[in-house]
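Subject: Structure for you to look at

Hello,

Here is the structure I promised to pass on. Please open it first, then read the notes below beside it.

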Amino acid sequence: MGVEGIGASVVRKEDRRFITGKGRYVDDVRLVGMTYAHFVRTPHAHAKVKSIDSAAAMKMPGVIAVLTGSELVADKIGNLICGWAITSKDGSPMKMGAWPAMAPETVRFVGQAVAVVIAESKNEARDAAEAVVVDYEELPAVADIKAAIAPGAPQLHPEAPGNIIYDWHIGDQGATEAAFKSAANVISLDLLNNRLVPNAMEPRAAVADYDTAEEHYTLYTTSQNPHVARLVLSAFYNIAPEHKLRVIAPDVGGGFGSKIYIYPEEMVALWASKKVGRPVKWTGDRSESFLTDAHGRDHVTHAEMAFDKDNKITGLRVKTHANLGAYMSLFSSSVPTYLYATLLSGQYNIPAIYAEVITVYTNTTPVDAYRGAGRPEASYLLERLLETAARQLKVDPAELRRKNFITQFPHQTPVIMAYDIGDFGASLDSAMKAIDYAGFPARKAKAKSDGKLRGIGISCYIEACGIAPSKAVGSLGAGVGLWESAEVRVNPVGTIEVLTGSHSHGQGHETTFCQLISDRLGIPISQIQIVHGDTDKVQFGMGTYGSRSAAVGLTAILKAMEKVEAKAKKIAAHQLEASENDIVIENGEFKVTGTDKSIALPMVALAAYTAHNLPDGMEPGLKETAFYDPTNFTFPAGTYICELEVDSATGKTSFVNFVAADDFGRLINPMIVEGQVHGGLAQGIGQALLEHAVYDSSGQLLTASFMDYTMPRADDLPSFKLSHTTTLCPGNPLGVKGCGEAGAIGSSAAVINAITDAIGSNKLEMPATPDRVWHAIHG
């Protein structure tokens with residue numbers, strides 16, 4: 001390992017431009033003749049659009065056009081789609097309601113767009129939007145799962161009777177029922193997984209430019225996967241043929257899953273640019289983010305776990321209702337099914353599992369993947385169940401988990417997943433040692449004498465990352481493959497450009513990807529440039545989500561590098577009059593083993609491009625591409641333990657300690673990994689204690705600003721103690737597993753388990769606000 005190679009905590013290259021204000025985000029894009037868009041959004045959760053009067057708006061200063069949903073439909077712009085097909089247990093397909101980019105007839109959630117104003121400035125567009133008069137016929141709304149599935153509930157889509165999208169199941173029902181019939185003990189629990197708003201630092205934005213002469217579109221957008229955006233806009237939304245559409249995702253300020261999807265605003269901006277003949281920019285404000293960015297979570301679940309007389313788990317039975325909001329977002333259908341139910345075995349050897357998932361339409365913002373996407377929901381369910389079981393069975397929570405850990409690998413779970421490797425006991429031991437688990441009873445007694453309620457909570461999580469292989473996910477309904485691509489270009493002077501289909505929006509790819517090249521060639525990372533986020537520069541790629549960048553994207557780069565190295569060794573051997581098998585690469589030089597003969601990388605590159613003295617039959621140049629499709633998911637896992645105190649007089653929770661012991665396989669850059677874990681922990685703890693998107697019964701979002709939606713701040717969080725155990729992933733040559741979502745997956749249950757331990761009551765839902773905790777204590 002060099003000072004900049006794999007395993008080194010290299011400071012992020014990209015941070016120089018970010019901390020000096022030199023980042024280039026979508027809102028920084030300025031085009032000649034640019035206009036500005038502002039959307040007219042409905043204040044109603046459910047209503048008919050009777051008429052739209054734009055006459056007054058059109059007379060206002062700077063207004064160029066007011067465009068409506070009816071015009072959009074007339075121009076045959078397609079509806080937004082869901083790209084993962086799920087089949088109900090009766091064999092029927094999921095019920096996907098039509099979602100136009102602007103509603104021509106019916107609005108189904110507060111904030112849905114019905115028209116857009118295009119003007120010379122942002123303020124002129126905003127002012128004119130307020131002058132657009134929309135006549136609505138308000139309809140009854142349903143804002144939660146219970147109301148939506150009640151007999152006689154208002155129907156959102158004619159395609160979905162009873163507002164049911166699909167009724168899906170997984171596992172062996174017969175074997176599970178048998179396990180429960182023979183069980184010595186059955187533990188049951190009802191759980192709510194609270195709805196969240198992603199709140200990326202940078203709001204969504206789009207700049208669209210239609211070139212009349214070339215009949216070509218360019219879209220600058222806040223996307224995690226620009227190639228997929230181009231594909232969907234072309235193939236399904238009828239915006240433009242793929243070769244006539246360029247999508248650029250420049251610097252993107254956070255995504256957390258919410259920027260995977262195609263949203264109405266990008267579609268409308270492209271369409272409007274052609275209509276008005278000028279570039280169109282839209283930058284969302286924070287209120288629009290709350291109302292229109294895809295939300296996360298929102299499950300209601302009843303779960304039961306069966307144990308034998310020795311406290312070994314024999315069965316798990318789960319029934320979950322998942323709220324998908326008013327429409328099906330791009331990957332929404334997969335989140336409560338194949339990203340949730342397939343992880344219900346957790347770290348445990350559970351012989352029989354049966355899960356039912358019913359998804360429901362409501363008059364709320366659409367719900368899709370948010371950091372962890374299904375995995376946090378599964379982990380929370382299991383770890384709350386295990387903690388509850390330990391209390392009811394009167395056994396130590398750590399030892400109950402250890403007794404049921406999977407210890408032999410590979411391990412086939414009853415719910416599709418085949419775990420390749422792991423050492424769950426090692427992570428548990430590491431976390432218990434870090435928090436001094438054995439000393440907790442004494443600390444609890446001391447806190448009690450001081451008038452405080454102290455508790456400790458464990459959470460042992462596992463997740464599936466690097467979602468793959470493509471053949472497998474295709475058989476499960478995915479509309480795309482989930483491979484990744486890379487191209488490595490060695491320039492004539494020896495500098496290197498790496499073009500990747502992955503996209504960085506905070507993960508540090510411009511550093512970690514360079515570290516792989518540095519490690520292979522022994523050159524400084526300053527000689528390496530990472531190129532991403534532009535469909536005209538980079539060959540087709542699948543983007544970044546699901547902690548796949550290293551396991552899939554970086555492995556694609558490795559595969560391309562191996563081809564480059566093989567060709568470069570042939571050139572070096574030819575130049576040095578040596579056997580190719582005797583060539584090794586060290587410190588930026590190609591050396592002949594056992595001699596002092598060598599040639600530097602720049603000279604090899606120059607030879608490749610001058611082509612004056614290449615081996616017979618070799619093509620000039622030094623550039624290679626690769627596509628990598630994994631053979632299996634990767635399975636990061638770990639143990640989180642939280643120790644805290646609760647003030648019984650106020651219900652306020654104060655952290656004492658929080659430890660995280662993770663197994664991410666090989667770490668490319670430990671510093672960046674720790675940063676990723678810190679961010680995930682903040683979001684998981686935020687869900688446990690603070691965050692909650694709340695609607696009233698009429699479908700109005702009551703938490704539509706930071707005045708009402710409580711984000712975690714620095715003083716809300718503990719100091720984290722992080723440690724790592726390592727089992728190298730056998731499914732990719734780098735041995736990496738993924739780290740970006742782990743903190744958000746494992747932390748919520750640890751916090752709630754600790755609070756319920758402290759207060760002696762299990763009746764507590766997230767977020768555990770002081771008010772809720774106080775009532776749980778005092779009734």
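Strands β19 and β20 form a hairpin with five residues between them, and in the turn glycine 494 has a positive phi of about 95 degrees. Strands and helices here are DSSP runs numbered from the N terminus: a strand is E with at least two residues, a helix is H or I with at least four. The model is predicted, so local features need pLDDT of at least 70 and side-chain atom pairs count only at pLDDT 80 or more, while totals for chains, interfaces and linings use all residues. Residues are numbered from 1 along each chain as its sequence is written, and side-chain values use heavy atoms, with hydrogens and water left out.

Strand β19 (residues 484-490) runs antiparallel to β20, and five bridges join the two; strands pair if DSSP finds at least two bridges between them. Glutamate 487 is opposite leucine 499 of β20. On β21, leucine 499 has valine 531 as its bridge partner. β20 and β21 (residues 528-531) run parallel and are joined by four bridges. Between β20 and β21 the chain passes through helix α15 (residues 509-521), in a right-handed β-α-β crossover. Right-handed means that, with the strands pointing away from the viewer, the path from the first strand over the helix to the second runs clockwise.

Why is β20 largely enclosed by the rest of the structure? Four of the five residues of β20 (residues 496-500) are buried. Buried means under 20% relative accessible area, exposed means over 50%, and partly exposed is in between (1.4 Å probe, protein chains only).

Next, the nonpolar cores. Such a core is a set of buried Ala, Val, Leu, Ile, Met, Phe, Trp, Tyr and Cys residues joined through side-chain atoms within 4.5 Å. The largest has 163 residues, and Leu344, Phe658, Val751 and Ile755 have the most contacts inside it. Helix α19 gives the most to this core, with ten residues. Another core, of 49 residues, lies apart from it and includes Val488 and Ile530.

The search of the whole structure found 43 salt bridges. A salt bridge is a side-chain nitrogen of Lys or Arg within 4 Å of a carboxyl oxygen of Asp or Glu. Lysine 281 pairs in this way with aspartate 27, with the closest N and O atoms 3.6 Å apart. Lysine 281 is in strand β12 (residues 280-283) and aspartate 27 is in the loop between α1 (15-19) and β1 (35-41), so the pair ties together parts 254 residues apart in sequence. Lysine 281 is buried, at 3% relative accessibility, whereas aspartate 27 is partly exposed at 34%.

Glutamate 387 forms a salt bridge with arginine 401, and their closest N and O atoms are 2.9 Å apart. Glutamate 387 belongs to helix α10 (residues 375-393) and arginine 401 to helix α11. Glutamate 387 is buried at 2% relative accessible area, and arginine 401 is buried at 0%.

Two backbone details remain. The peptide bond from phenylalanine 409 to proline 410 is cis, with omega near 0 degrees; proline 410 is in the loop between α11 (397-404) and β16 (411-412). Aspartate 436, a residue other than glycine, has a positive phi, near 55 degrees. Aspartate 436 sits in the loop between α12 (424-435) and α13 (440-449) and is partly exposed, at 41% relative accessible area.

Regards
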